[in-house]
Amino acid sequence: MNYWRHFPLAASDSKQRSAGPNFEEYMLIGTKICLGPMFQADAPIIFNWRNWASIMHLDGLYRPTSQGNFDEWFATIGKDLSRVVFSIRRQGDLTFLGFVQIINIHPVFQSAELGIMIGEAGNRGLGYGQE
């Protein structure tokens, strides 16, 4: 990742543009990906990923997620001080690829856990998670 800079969303990204009051967001820009905020339009995609056994077995024990539990998790993004979640988007077209989650943040002990999910199998192994 290079640095934070102002990055206008693509004009074709109408779902993401309607997700917030400001049509431009701040994103961390890399060579392959951008890290930035989650949008409401990302929620159905993540809900499907969290219920695919073929993806979730990579994260440990697979447990289907109910819509209610998922909605509660998604609604608390940005409110829970012990976790930070960033969307991972392809540089250039801002296709939603997955997310980075930093959880169990302990400021006193200066420790946390990092999780990276690239949802679609065709997007894995291309270096998006490494950047």
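What pLDDT does the chain average, and what share of the residues score at least 70? This is a predicted model, with an average pLDDT of 79 over the chain and 75% of the residues at 70 or above.

**Stop 1: residues 1-24.** Colour by pLDDT and select this stretch. Its pLDDT is below 50. The model still gives residues 1-24 45 contacts beyond near neighbours in sequence. Where pLDDT is low, predicted coordinates should not be read in detail. Move on.

**Stop 2: the whole chain.** Switch to cartoon. Four helices and six strands make up the secondary structure. Trace them from the N terminus: the order is β-α-β-β-α-α-α-β-β-β. The chain has 131 residues, and 36% of them count as buried. Now show the surface.

**Stop 3: helix α4.** Select residues 67-75 and show side chains. Which residues of this helix are buried? They are F70, W73 and F74. Look down the axis of α4: the buried residues fall within an arc of 95°, so they line one face of the helix. An α-helix has 3.6 residues a turn, so residues three or four places apart point the same way. Now turn to the face of α4 directed away from the buried side. There you find N69 and E72, both exposed.

**Stop 4: the aromatic cluster.** Keep F47, F70, W73, F74 and F99 on screen. Ring pairs link these residues into a cluster. In the chain, the count of aromatic pairs comes to six. Zoom in on W73 and F99. Their ring centres are 6.0 Å apart and their planes meet at 50°, so the pair counts as tilted. This pair links distant parts of the chain, since W73 sits in helix α4 and F99 in strand β5, 26 residues apart. Is W73 buried or exposed, and what about F99? Both W73 and F99 are buried.

**Stop 5: R50.** Where does R50 lie relative to the ring of W73? R50 lies over the ring face, at 4.7 Å from the ring centre. So W73 ends the tour with two partners to display: F99 in a tilted ring pair, and R50 over its face.

Terms used. Residues are numbered from 1 along each chain as its sequence is written. This is a predicted model: local features need pLDDT of at least 70, side-chain atom pairs count only at pLDDT 80 or more; totals for chains, interfaces and linings use all residues. Side-chain values use heavy atoms; hydrogens and water are left out. Buried means under 20% relative accessible area, exposed over 50%, partly exposed in between (1.4 Å probe, protein chains only). Helices (H or I, at least four residues) and strands (E, at least two) are DSSP runs, numbered from the N terminus. The arc is that of the directions from the helix axis to the C-beta atoms. Rings of Phe, Tyr and Trp (its six-membered ring) pair if their centres lie within 6.5 Å; planes under 30 degrees apart count as stacked, over 60 as edge-to-face and the rest as tilted. A charge sits over a ring if NZ of Lys or CZ of Arg is within 6 Å of the ring centre and within 35 degrees of the ring normal. pLDDT is the predictor's confidence in each residue, from 0 to 100. Contact means heavy atoms within 4.5 Å.
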